[in-house]
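Welcome! Take a moment to look over the sequence and the model, and then let us walk through some details together.

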Amino acid sequence: MKMANINTLWAHVIVDELVRCGVRRVVISPGSRSTPLTMAFAAHPDIVDHSVIDERSAGFFALGLAMSLESPVVLVCTSGTAVANYFPAICEAFHSAMPLIVLSADRPAWLRDSGASQAMNQVRVFGEFVRWFHEVAQPDPSYLKLKYVRTTIDKAVMESTHGPVHLNVPFDKPLEPTPVDSNQPGGTGLLAEDSPEVQGLHNGLPWVSYAHKVGLPDIGSALDLLNHAARPVVLAGASLRGMHLRTEINTWADSLKVPVLAEATSQLRFAADRSSGVLAVDHWLNRIENRKSFKPDLIIQIGRAPINWPTQRWLAEQDCTVIFVGPGDPHHHANPEHLAGLHLVGDPADVLPLLRRSMAGWDGEWQKVVTNACAESGDLMAQDWGDRLVHQTLAEELPDGTGVFVSSSMPLRDIETSWRECADLRVFFNRGLNGIDGVLSTAFGVAASWPGRLVTVLGDVAFAHDIGALMTASREQINATVVVIDNQGGAIFDYLPVKTHDRETFEKHFTTAPTHDLKYLCRAYDLDYRLVENVAELRDALDPHLGVRVIHARTSRGSTERPQG
């Protein structure tokens, strides 16, 4: 019955994962749009389902259950104003930190603002009175989407330990468990009923487990995984707080002989006391021809999700367990491929020292293999003037203590491929939403408080997008070097398929090459301007100075070609 159609299966997976997380009580109010959820809860043998007609009363009834049981209680309602009636109970639960999980059924998004019956905008209807809100994706017959559903439920239960959570769950018809041919819209496609995504993990555990009070008794499963791993690696992603991790990571990795594959923005690569086991992740992926023979059997991930595309693809291809170590808030849940099997919630500086594997029979040969493979592969050095040679020159010339602010888009990825042996640097970046909005303004804010020298690296479009920051630099007497890599537009869009469809539209709406002259723009704001068209001129322009110096590195679009792994 659970495979009758995608809505029925979707609801089954939601309920199954809730039960695996320890949920045992649900309060259901009647309605049509919530039929898939109601049927799934009613059919599960481990769920006690309560029926309360009035949603306002149902909210407080569930609140009382949560107080008594001291465990999460689920609320289910149909679409429309039904969910709004929970508001008083949700406010109470928020201020008393009671574990309520609201599953509000909804019509598909395309019926909003169309005059459809019982359709209203239910997104964030509780405002700031929930610990976490998420609109669940429209049901879709794919293994990745089913993993996404399970990890979303796991996170919802984890967040509910501190207060109410709201998941808005849209369903299209059929809402009942009416059989639909697997190849038809609303069918379950090629999904296999015996797959773990459909059935859940065979050991009965949630897809992602969370350890909150991290200590030796709490991370036994992580220690067990580490002690049984022959080829573990640490994947260190972007982190603005990574500076305080340098010593802990180096000491921990050296003592365990575990290789650390670090992105440039992890703050671990450009360190004077860098461990020999800290390697450039891009180097590992793009320079080792037979990297398929270097597959890890355990990945410990810290920091944000990978930025560069080869790392994203590589991580998605792995079939080993991934342990994520980091804060538990939504912005640090770096698991976009839904691969993490265990989340150790806490500061990596506190958690990692607890992961001390048994050294019996462990000689660190795996770390030597990885390190030697990277050392023997060599670097792909650029010879001709272009984007990569600009980056390589900066990496060679900047002295210890320099702060480097790297723009989103291509510069953030170029630093992975082109910055190798560098001085002891601090890397700053706007990673959050990965856009170019406010790059210069943010960089000048860093420069206003950074005790040393700040160098900003950005493209011509990002520079044009935040021209207003030049007035700020003048008024606030900022000292900074701004390196503008001018390749005549947004080079990152050259990697999109749309480039080949309509060249005129592509150049007008995607490339968007700026039309202003940097020299006259800098003159208007009384800023020092230097045009550089070779390495010697760039080196000369990097000399220390007061005020803001804009270094205009003019390259060509063809120089943006990069190895993609």
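## A serine and its neighbours

Leaving out residues up to four places away in sequence, Ser-239 touches Thr-265, Ser-266, Gln-267 and Phe-429, where contact means heavy atoms within 4.5 Å. You can find Ser-239 in the loop between strand S8 (232-236) and H8. Helices (H or I, at least four residues) and strands (E, at least two) are DSSP runs, numbered from the N terminus. With 17% relative accessibility, Ser-239 counts as buried; the cut-offs are under 20% relative accessible area for buried, over 50% for exposed and in between for partly exposed, using a 1.4 Å probe and protein chains only. Although Ser-239 and Gly-303 are 64 residues apart along the chain, their C-alpha atoms are separated by 5.2 Å.

## What kind of model this is

This is a predicted model, in which local features need pLDDT of at least 70 and side-chain atom pairs count only at pLDDT 80 or more, while totals for chains, interfaces and linings use all residues. Residues are numbered from 1 along each chain as its sequence is written, and side-chain values use heavy atoms, with hydrogens and water left out.

## The whole chain

Now step back for the overview. The protein chain has 20 helices and 19 strands. Of its 565 residues, 54% count as buried. Take the contacts between residues at least 6 apart in sequence: 76% of them join residues at least 24 apart.

## Two helices that cross

Two packed helices are described by the angle between their axes and the distance between the axes. Here, the axes of helix H1 (residues 6-20) and helix H2 (residues 35-43) come within 8 Å and cross at roughly 50°. That makes H1 oblique to H2. For these angles, under 35 degrees counts as roughly parallel, over 145 as roughly antiparallel, 65 to 115 as roughly perpendicular and the rest as oblique. The axes themselves are lines fitted to C-alpha atoms, for helices over the stretch in contact, and the angles run from 0 to 180 degrees between N-to-C directions.

Which residues meet where H1 and H2 are in contact? From H1 come Asn-7, Ala-11, His-12, Ile-14, Val-15 and Leu-18, and they meet Pro-36, Leu-37, Ala-40 and Phe-41 in H2. The residues of this contact divide into 8 nonpolar, 2 polar and no charged. In this grouping Ala, Val, Leu, Ile, Met, Phe, Trp, Tyr, Cys and Pro count as nonpolar, Asp, Glu, Lys and Arg as charged, and the others, Gly among them, as polar.

## A cluster of rings

Next, the aromatic rings. Rings of Phe, Tyr and Trp (its six-membered ring) pair if their centres lie within 6.5 Å; planes under 30 degrees apart count as stacked, over 60 as edge-to-face and the rest as tilted. By this rule the count comes to 5 aromatic pairs. In one of them, the ring centres of Phe-87 and Phe-126 are 5.6 Å apart with the planes at 80°, so the pair is edge-to-face. Phe-87 lies in helix H4 (residues 87-96) and Phe-126 in the loop between strand S4 (100-106) and strand S5 (132-135), so this pair ties together parts that are 39 residues apart in sequence.

Ring pairs link Phe-87, Phe-94, Phe-126 and Phe-129 into a cluster.

Gln-367 is found in helix H12 (residues 365-377) and is buried, with a relative accessible area of 9%. Leaving aside neighbours within four places in sequence, Gln-367 is in contact with Ala-253, Lys-257, Val-258, Pro-259 and Gly-277. Ala-253 is one of the buried residues of helix H8 (residues 246-256), which also include Ile-249 and Trp-252.

## Backbone details in loops

To finish, look at the backbone. A cis peptide bond joins Lys-173 and Pro-174, with omega about 5°. Pro-174 lies in the loop between strand S6 (165-170) and helix H6 (196-199). Arg-124, a residue other than glycine, has a positive phi near 55°; Arg-124 lies in the loop between S4 and S5 and counts as exposed at 55% relative accessibility.
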